[in-house]
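Please read them with the coordinates open.

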Amino acid sequence: TPSALNASPAMRISDVVYNGEDLTVKFASEIAGFDNVWAWVKARAQAGNFTGLHVGDYVQFTVGSDTVQAQIAGMDTYYRTGDTPLGHHIDFISRDCLSAEYAWNTTNNNNGNATNAAPWMVSNIRTKLNALVSSLPAGLQSVVVTKRALLETRYASGSTLTSSTGWEWNDMGKLWLPSEYEVNGSLIRSGVRAIGLGTQYPIFANNRRFAIKGAGHNGSRATWWLSTVYGGTSAHVCNVISYGNPDGSDASSGYRVPLCFRIG
């Protein structure tokens, strides 16, 4: 019944009708005991205390002229994984994208290089996202942690590769983009190496509602970049196009990005 749905966020999530609640309102009395909402999120995450938290719940803030509604994408999604075991954590992905467009790379090249064979690690988009960390609210800056991931590698001296050939553990940064697998739950435009240690974030499971993101908060549908490079070509990178389906584009194309970060 409608009343039962209102009383059960878990049921609303499973029925894909839950839009999330503002955590600063939902837990106002609890948050009052902390310096800010982000200090509270950190305490909850590190304790592995997810009581009352649900995928889709959010904290809203501003970055420059952009309004960002950061939603819980997953809780302990990668707990105890990694070359160094990962502790309790919460990963956030913004409901919509930032209003600005960014090129994934400055040229149409999706390879790594001699510095780092992982394409993501030497990409223009990673540099741009790293530069945005200082624009985050001070409380968030103080608690956000680097996401470490098993990233695909695609580099050979003297040649340009069209397929990834291996994996390496790397620090993606404090702001990052999800992989194709983390959004779609499968490899569609990329190659088998792209899965790494990937698992689909719960916020994207069994629906495309939150994979369709706006150009700015509540903006029109936008194409947005992923962290995964395209299979079978040296020029393309995976994205989610405005129609909602997985696709890819030239690395130098300008598309949008959500804000993605981890607290733990």
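This is a predicted model: local features need pLDDT of at least 70, side-chain atom pairs count only at pLDDT 80 or more; totals for chains, interfaces and linings use all residues.

1. A search of the whole structure returns eleven aromatic pairs. One of them joins Trp38 and Phe92 in an edge-to-face arrangement, with 5.9 Å centre to centre and 80 degrees between the planes. This pair links distant parts of the chain, since Trp38 lies in helix H5 (residues 37-46) and Phe92 in strand E3 (residues 90-94), 54 residues apart.

2. Are Trp38 and Phe92 buried or exposed? Trp38 has a relative accessibility of 4% and therefore counts as buried, and Phe92, at 0%, counts as buried too, because the cut-off for that term is under 20%.

3. Trp38 and Phe92 also belong to a cluster, in which ring pairs link them with Phe61 and Phe261.

4. Trp176 and Tyr201 form an aromatic pair that is stacked, at 6.4 Å centre to centre and with 20 degrees between the planes. Here too the pair links distant parts of the chain: Trp176 is in the loop between strand E7 (166-173) and helix H8 (180-184), whereas Tyr201 is in the loop between H8 and strand E8 (213-214), 25 residues apart. Trp176 counts as buried because its relative accessibility is 0%, and Tyr201, also at 0%, counts as buried as well.

5. Two lysines deserve a look beside these rings. The charged end of Lys147 sits over the ring of Trp176, 3.9 Å from its centre, while the charged end of Lys213 sits over the ring of Trp224, 5.5 Å from the centre of that ring.

Terms used:
Residues are numbered from 1 along each chain as its sequence is written. Side-chain values use heavy atoms; hydrogens and water are left out. Rings of Phe, Tyr and Trp (its six-membered ring) pair if their centres lie within 6.5 Å; planes under 30 degrees apart count as stacked, over 60 as edge-to-face and the rest as tilted. Helices (H or I, at least four residues) and strands (E, at least two) are DSSP runs, numbered from the N terminus. Buried means under 20% relative accessible area, exposed over 50%, partly exposed in between (1.4 Å probe, protein chains only). A charge sits over a ring if NZ of Lys or CZ of Arg is within 6 Å of the ring centre and within 35 degrees of the ring normal.
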